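Open the model in your viewer and keep the sequence panel handy.

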Amino acid sequence: MSIINTEIKPFKATAYHAGKFIDLTEADFKGTWSVLMFYPADFTFVCPTELEDLAAFQPEFDKMGVKVYGVSTDTHFAHKAWHDTSEAIKKVNYPLIGDPTGLLSRNFEVMIEEEGLALRGTFVINPEGQIKVMEVHDNGIGRDASELLRKVKAAQYVAAHPGEVCPAKWTEGAATLKPSLDLVGKI
């Protein structure tokens, strides 16, 4: 069973953001589009490259009204220490959520129980708190924020244009499809 189109489950967590610790719950994901990017651990190798890449695209996400969050099973204290010591992570201006109990990772079905770490999972959540995009893969494979940006734009487009769908490699402004009997077997 997939968690696509399900509402995010209740949680309470603390994040490091803009020099402060902030408390978050599922209510913070209502009323706006959000991206949660789970990663295995602070002070590692692929993770800082992904978080830095996502930070470079944050202005684009901001323009689209999308809140971005990083999540690992580290504590918010570890997130602060990493932010203070890593040149890549100093560029991160979005909240880094601590999930030391693994509740959030389990809620999004990315927890590796035997390691106490999260898989690389990316989730796009609509303003109603429903998961609309889900990508989970092996921890050795880094993600590309430009592709995430394209997926968020597609999710927002589909939400704003009922009855239309975005084909493969769709980009903003490109043609969409209107599923109908007339299209069956024509594509």
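Before we select anything: a residue is called buried when its relative accessible area is under 20%, and exposed when that value is over 50%. Keep in mind, too, that this is a predicted model.

**Stop 1: helix α2.** Select residues 76-85, which form α2. Show the side chains of H76, H79, W82 and H83, which are buried. Viewed down the helix axis, the buried residues of α2 fall within an arc of 115 degrees, so they line one face of the helix. Turn to the other side of α2 to find F77 and T85, both exposed.

**Stop 2: helix α1.** Follow α1 along its length to F57, where there is a kink of about 45 degrees, shortly before the proline P59. The buried residues of α1 include C47, L51, L54 and F61, and their cover includes β3, β4 and α4. After α1 comes G65, with a positive phi near 75 degrees.

**Stop 3: the cores.** Select L51, L54, F61, Y94 and V152: they have the most contacts inside the largest nonpolar core, which has 24 residues. β3 (33-38), α1, β4 and α4 (145-160) each supply at least two residues of this core. Center on L54 and look for its contacts, among them M37, V68, A145 and L148. Apart from this core lies another, of 19 residues, including I3, A15, L24 and F123.

Key:
Residues numbered from 1 in each chain as written. Predicted model: local features only at pLDDT ≥ 70, side-chain atom pairs only at ≥ 80, totals over all residues. Heavy atoms only, no water. Buried < 20%, exposed > 50% of the residue type's maximum accessible area, 1.4 Å probe, protein only. Helix = DSSP H or I, 4+ residues; strand = E, 2+ residues; numbered from the N terminus. Arc of directions from axis to C-beta. Core = buried A, V, L, I, M, F, W, Y, C linked by side-chain atoms within 4.5 Å. Contact = heavy atoms within 4.5 Å. Bend = angle between axes of the 7 residues up to and from the residue. Lists of a residue's contacts leave out its neighbours within four places in sequence.
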